[in-house]
Amino acid sequence: MLSIIIFSALAIVAVVSGIAVFRVDSMARATYALAVSFVAVGVMLLMFDLDYIGVITILMMVMEMAIMAIYMIMFMGMNPALMPMSMVHNNRWSAILATGTFLLLAGGAVLVPWPARSGSVGTEDLTMALGEALMGSKMLVMLTVSPILFATIVAALVLANPRGRYDRWGDNLQRATPDDPQQGGLGK
Amino acid sequence: MGLRESAARRAVQVTHVLVVEVPGWGLTRMRVESELARRGWTLATSPADADVLLVCGSPGQQLDAACSQLWSQLPGPRARASVVSADDVVPTFTRLTAELLDEAAQQLDANTRSREPVSASGDSVMAQPVAHSEHGSDEHAMPMDMPTHESMDMDMDMDMDMDMPMPGGIPLASGGPDRDGLEMDVLHVPLGPVLPNWPAGLVVRCALQGDVIVHAEVGFMSAAAGSLGVGLAGAGSFRSVEDERRRAVIRLSDAAVNVLALSGWSSAAGRARRIRDDVASGTALIDVATRIESLAARVKRSLLLRWGLKGIVADAASGAQRIGYGEAQSAHARLVEWLDEAGRSARDTAHSYDPPDFPELEPKSLQLIAGLVTGTDVASARLIIASLALDTSLLAASGDVHS
Amino acid sequence: MTLQLVLVVAAALFCVGLYGALSQQVIVMVMMGLELMLNGVILAVGAFWWFLAPNPDGLLLLLVVIAAMTVEMAMGFAIATLLHRSKETDMTDMATELSG
Amino acid sequence: MTGEGMNQAWVLLAPVLLGAIALAGAALNGALAARAEGRPALSGSARPMLEVVRLMRQRRRVTVAADRLLWRIGGMALLVIALLKTAVIPFGPWILADIPVGLVWFNAMDVMVWAAIWLMGWGANSAHALAGGYRFLAQAASYELPLMFALVTPAVAAQSLRVSEIVDAQQSLWFVVWMPVAFLVFCASVLAFSAWGPFATAASGDIAGGILTEVSGVDRLLILAGRYALLATGAAFAVALFLGGGAGPLLPEWFWTLVKTLAVLAVFIVVSRRFSGVRPDRLAEVAWVIGLPIMLLQTLVVSIIVAVRG
């Protein structure tokens with residue numbers, strides 16, 4: 001019983017702050033509303049005994065939203081003030097589509113006869129088991145995900161960085177220290 | 001009631017004081033700082049941090065207006081005083097303590113002052129706190145750029161319609177291309193006239209993108225006409241060689257205090273300040289010489305400081321030269337030089353003494369400072385200005401300079 | 001707490017995100033919509049795992065979803081920065097005009 | 001008293017003890033500052049209490065168009081984060097929540113500091129405060145990855161993310177002995193996420209106090225106390241991860257934990273005074289080009305040792 005109350009409270013927090021993301025008047029509030037939504041979902045995962053995944057979700061999402069807030073302000077140009085804003089297009093169709101999808105999904109969730117639980121949570125350390133699965137029988141997943149993540153890092157840097165090494169070190173790479181707008185700590 | 005009083009008595013033992021130095025009253029400010037240290041009081045970094053607003057000297061019109069603005073930003077319980085001569089310092093402090101302890105008067109002050117939110121010190125410690133409403137002058141015209149409309153530029157004159165979105169009466173920041181090729185908001189932020197470790201009376205009005213200064217204009221707020229302080233190193237008709245040396249050591253260590261404090265090394269800055277205060281209060285120079293030398297050695301040894309100050313040079317096509325320095329020198333080199341020179345001056349017992357050169361500041365050289373700080377970030381700009389060791393008392397009589 | 005309840009909540013999160021991703025004009029806001037959709041997915045996968053098949057292998061799917069989220073985020077920021085630099089726009093509408 | 005009963009009492013005791021340790025740190029800092037200014041050190045050690053009284057008496061203030069909600073959340077967050085961190089730190093035999101992923105929990109909480117400090121800077125609607133917030137985020141982006149690997153290293157050695165098991169794994173040999181780099185990186189990161197000492201540029205004087213520019217009264221008190229509390233939890237966690245927790249001869253475990261924590265905290269405070277500020281824009285390159293690879297190397301060495309020993 002208690003778990004249902006806690007879960008419902010978290011669910012309300014998650015959904016309401018999710019809605020707030022598109023309703024509040026300030027970039028910072030929108031971003032941190034999303035962070036709150038993620039934290040609520042992270043705590044729900046903790047309720048499913050998913051300790052590691054739950055805490056990791058909280059960790060990653062708060063970090064990501066802290067960075068996201070900067071991008072929001074950088075790109076959208078807002079003073080630290082509560083600025084009424086509306087940046088929506090085809091609002092009506094979006095709302096209809098979203099509501100339709102919700103009815104479909106929720107209907108499915110309620111009506112589908114879900115199978116009974118198979119297997120059970122062992123007494124063993126789940127995180128350890130997850131790690132062993134990752135490094136053992138399911139290593140292929142890790143082998144796929146890691147190069148994708150690495151490629152993402154490289155690709156994102158290439159896309160976002162405006163200055164190549166010839167801009168920094170000169171046409172013949174002849175400079176002793178790079179010509180940067182802001183000097184780094186090493187001069188590399 | 002007894003509880004309130006005893007709490008108040010405890011609170012005033014660690015009063016935080018926002019010191020405003022009027023150009024020309026450097027010695028008074030130093031006297032105030034040494035008295036603060038003696039009592040265990042603290043220099044406030046911003047009005048929100050302060051219990052006391054203490055003005056050293058008699059400010060001119062602009063600086064006076066800025067002080068009133070600061071006064072309105074103190075959270076309270078608060079007290080305000082001004083000291084002109086060094087002899088006034090101790091009695092003033094006693095009076096300030098009594099004022100802070102006066103519960104009834106503080107209560108009255110709290111009840112009568114405006115309850116409106118105060119303006120942030122970042123954008124209101126400015127030359128004309130009411131500039132926006134008085135004259136919609138060209139220098140305050142800001143092109144606006146609404147995110148929803150494509151480059152809808154318009155001048156933000158104050159006589160324009162008020163239906164533009166201005167939350168809290170603050171116009172939105174406008175955009176501008178930044179050095180990384182991204183369009184970014186430009187914030188107009190004045191540095192000075194009241195900041196920790198900042199030359200008296202100087203105002204650098206910056207256009208900031210992030211914390212990079214993309215444009216700067218320099219202004220100056222002078223002392224009241226007809227009143228003259230004694231400058232950073234003091235002036236007198238008769239100067240003995242010993243006095244000259246003393247002045248030089250005070251001046252040099254004061255400059256070192258500023259650079260050390262701005263580089264985030266408060267304990268070294270504190271040592272330099274104690275040396276300065278001891279010399280000012282009459283300790284024999286030979287007695288502080290060892291301390292100066294050990295501080296200089298400490299500063300030279302610190303790799304972290306050298307690394308942190310690396311590349312911070314007042315150069316910008318030798319604007320520094322025209323301000324009065326021989327050559328462009330890094331902040332670190334200058335700091336070491338000051339401390340060495342102070343050590344030499346303190347040891348020196350020769351009969352003649354040639355004081356070290358500091359730039360003679362003229363009103364027109366002020367504008368060169370803008371060139372020195374443009375393109376740097378705020379932290380570097382603060383260090384560059386501190387490394388110039390400006391003595392604005394030389395300008396005290398020249399009146400306010402508008403940017 | 002039943003699987004149905006959790007799934008309805010997850011569907012709600014997903015659809016709020018869907019609404020945002022479809023209706024918002026600014027790229028970063030669209031990304032926030034996508035994030036919210038993935039938030040719903042994470043919750044749903046967590047619920048399936050807990051109520052249907054609680055064995056360690058199922059957790060891998062969650063890790064993959066989280067990894068997908070970081071990829072989405074990093075690429076989103078990179079493209080937003082690139083667009084901002086080259087076209088001084090942050091709107092999806094303007095980015096659709098691909099001619100330089 | 002039984003172990004169970006004591007553990008329940010610990011729920012109430014832990015926040016008090018955290019406060020006491022943080023206060024001891026503040027007192028030491030005050031004493032050092034007073035001695036440096038030529039006043040008796042004893043008068044300086046009373047200073048934190050006097051400051052508390054002063055800030056309680058001072059009025060709060062609000063700036064024009066401040067985002068009050070976010071500002072107040074940011075101001076309170078540091079203390080709350082410190083308390084949440086305390087939950088997974090073992091104090092001798094007692095621990096509030098010995099969850100299987102205690103280490104990750106600690107890491108998640110110090111990421112919360114990113115948000116807290118940036119919100120303080122943002123909420124005030126002041127350019128100086130915002131610059132402080134940005135400085136902290138820039139610094140955070142530099143220290144976080146080395147910090148994560150510094151946290152991972154003891155976990156690899158103990159083969160567990162549970163803090164109590166990490167402590168138990170050190171009974172024969174403290175981890176600091178064979179993972180000194182991780183220990184140093186962790187300590188530096190503690191200073192960094194507490195915005196303390198050389199890493200205090202977010203609140204430094206050159207931007208009029210940065211994140212502290214506009215706060216007064218109780219709000220300021222919460223932030224300052226929060227920083228000391230974060231420093232204290234960092235010291236306590238360093239003891240658990242690297243210094244053997246409550247291990248020590250003769251005296252009870254809780255005593256050794258307390259002594260070690262206070263010692264680490266004292267070292268943090270004394271050593272910080274010897275350094276000048278580290279600017280975030282300079283730190284970034286060093287942290288990523290030197291700090292992170294060295295830290296990875298440390299983790300690799302430890303992993304190999306663990307694998308070889310079986």
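Predicted model: local features only at pLDDT ≥ 70, side-chain atom pairs only at ≥ 80, totals over all residues.
**Ground rules.** Local features here need pLDDT of at least 70 and side-chain atom pairs count only at pLDDT 80 or more, while totals for chains, interfaces and linings use all residues. Residues are numbered from 1 along each chain as its sequence is written, with chains lettered from A and ligands numbered from 1 in the order in which they are written.

**Chain C, fold.** I found four helices and zero strands in chain C, so the pattern along the sequence reads α-α-α-α (helices are DSSP runs of H or I, at least four residues; strands are runs of E, at least two; numbering starts at the N terminus). Of the 100 residues in chain C, 52% are buried, i.e. 20 or more other C-beta atoms, placed from the backbone, lie within 10 Å of the residue's own.

**Chain C against chain A.** I get 58 residues of chain C in contact with 65 residues of chain A (contact: C-beta atoms, placed from the backbone, within 7 Å). Helix 1 (3-23), helix 2 (27-51) and helix 3 (56-87) of chain C each supply at least two residues of that side. Helix 3 of chain C gives the largest share, 20 residues. By class I note 42 nonpolar, eleven polar and five charged residues on the chain C side (nonpolar is Ala, Val, Leu, Ile, Met, Phe, Trp, Tyr, Cys and Pro; charged is Asp, Glu, Lys and Arg; the others, Gly among them, are polar).

Note on methods
Contact = placed C-beta atoms within 7 Å. Buried ≥ 20, exposed ≤ 12 C-beta atoms within 10 Å, placed from the backbone.
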